[in-house]
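User: Hi! I'm new to reading protein structures. Could you walk me through this one?
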Amino acid sequence: MKKQHYLFLLFGFLAISFIAYINQNKLIILVDKIFSKSIVTKDSTQPITKEDLLGKYKTMVKSRYTMLDIYKDSFTMSFYRHFATEAYSGKWSYENNSLHLSYLYTGEYDTSYIVNRRYQFMRQDSFLFCVPYYDEQELRQEYIKICNLYNNGANFNEEYGETYIMRKKLHNYLPISIPTIPAEYHNYLLKQPINCQITAIENDTILTINAGKENGIFEGLQLHKKVEFEKEKKQKRKKRGNYQEENENNNPLFMTFEVVRCENNLAVLKFVETWEFSHATALKMKKLQIGDTLYSKKSKI
């Protein structure tokens, strides 16, 4: 065979291989997109099974945390509180979408008794979290908190803190799907983000806004405004380490207002007390003004 024929066959083989490589990678990219999308859809809609619960869980808190490891037939749980760790192990069961943990607790004076803890499991995008379940009224309040966090565009792994236990840690990941809470709570979820303006202010705590039911606002909805501080002259501070002073420059503070009355095209809100605000912080804050904007999503502020 002539040299030209060998070259022709070689280039032909390379061309076919290159086309196959491109098509294969297109297919891989396409499958990856479909698979990634299907994860969100699948995780947020399908019922949670007993097999889904296996794995490691942890609360996202700096000063204290809870570790929960669920195995096939048993579990271990560790509490870290005030520089001390308590560890327990026991059996678990999963019935009616509720996780039941049973373990022996030995407290002060060697008093021992069986502890039965109950959690409600939910799914948010590609991770699971469980909520302490004591009675129906407290569970209702937890569901409403979850709805508010969803409306805020919160990073669930960071916002939940010590109350909720997460199975998977996702950084800088905002919720996409509706949490798997019962359908009767879906009316507490916004269909689209809200931003509106203040039209009236009463005693710096009661606001009227230019949006209402027609915009998807409902009673109980929480809206937010990033706190702005008055400029002050540079001076040495006598005390350091104050949480509010540190947050002026580092982590932003937000004022939260809750809708108490809602009409078609306006709503009345009241200020919600939070632990971040002290009297000293309030004195340094800029006063609210008519025309200021409130948002449902903190991530957009």
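This is a predicted model: local features need pLDDT of at least 70, side-chain atom pairs count only at pLDDT 80 or more; totals for chains, interfaces and linings use all residues.

User: Which side chain of opposite charge is nearest to Asp 292?
Analyst: That is Lys 225, 4.2 Å away. A salt bridge needs a nitrogen within 4 Å of a carboxyl oxygen, so Asp 292 has no salt bridge, although it is buried.

User: What lies 2.9 Å from a polar atom of its side chain, then?
Analyst: The backbone nitrogen of Gln 289 does.

User: Is Lys 287 buried or exposed?
Analyst: Lys 287 counts as exposed, because its relative accessibility is 58%. Asp 204 has a relative accessible area of 33%, so it is partly exposed.

User: How many salt bridges does the count come to?
Analyst: The count comes to 6 salt bridges. One of them joins the side chains of Arg 123 and Asp 52, at 3.3 Å from N to O. That pair links distant parts of the chain, 71 residues apart: Arg 123 is in strand β6 (residues 112–124), and Asp 52 is in the loop between α1 (3–45) and β1 (55–58).

User: Why does Arg 123 count as buried?
Analyst: Because its relative accessibility is 5%, and buried means under 20%. Asp 52, at 22%, counts as partly exposed.

User: Which residue does Asp 69 meet in a salt bridge?
Analyst: Asp 69 meets Lys 56, with 3.1 Å from N to O. Asp 69 belongs to strand β2 (residues 65–70) and Lys 56 to strand β1, so this pair ties together parts that are 13 residues apart in sequence. Asp 69 is buried, with a relative accessible area of 12%, whereas Lys 56 is exposed at 54% relative accessibility.

User: New topic: where is Glu 142?
Analyst: You'll find Glu 142 in helix α2 (residues 136–151). Glu 142 is buried, with a relative accessible area of 12%. Not counting residues up to four places away in sequence, Glu 142 touches Val 131, Pro 132, Thr 163 and Tyr 164.

User: What about nonpolar parts? How many residues has the largest nonpolar core?
Analyst: That core has 41 residues, and those with the most contacts inside it include Ile 146, Ile 181, Phe 257 and Leu 294. Elements giving two or more residues to this core include β7 (127–132), α2, β12 (254–262) and β13 (267–271).

User: Which element gives the most?
Analyst: α2 does, giving 6 residues to this core.

User: Why would nonpolar side chains be together like that?
Analyst: In soluble globular proteins, nonpolar side chains tend to be buried together.

User: And what does Phe 257 touch?
Analyst: Beyond residues up to four places away in sequence, Phe 257 touches several residues, among them Leu 207, Leu 223, Leu 269, Phe 271 and Leu 294. There is also a second, separate core of 20 residues, which includes Ile 48, Phe 79, Leu 99 and Tyr 119.

Methods. Residues are numbered from 1 along each chain as its sequence is written. Side-chain values use heavy atoms; hydrogens and water are left out. Buried means under 20% relative accessible area, exposed over 50%, partly exposed in between (1.4 Å probe, protein chains only). Lys and Arg count as positive and Asp and Glu as negative; His and the chain ends are not counted. A polar contact is a pair of N or O atoms within 3.5 Å; within protein, one must be able to donate a hydrogen and the other to accept it, and residues adjacent in sequence count only if both atoms are side-chain atoms. Helices (H or I, at least four residues) and strands (E, at least two) are DSSP runs, numbered from the N terminus. Contact means heavy atoms within 4.5 Å. A nonpolar core is a set of buried Ala, Val, Leu, Ile, Met, Phe, Trp, Tyr and Cys residues joined through side-chain atoms within 4.5 Å.
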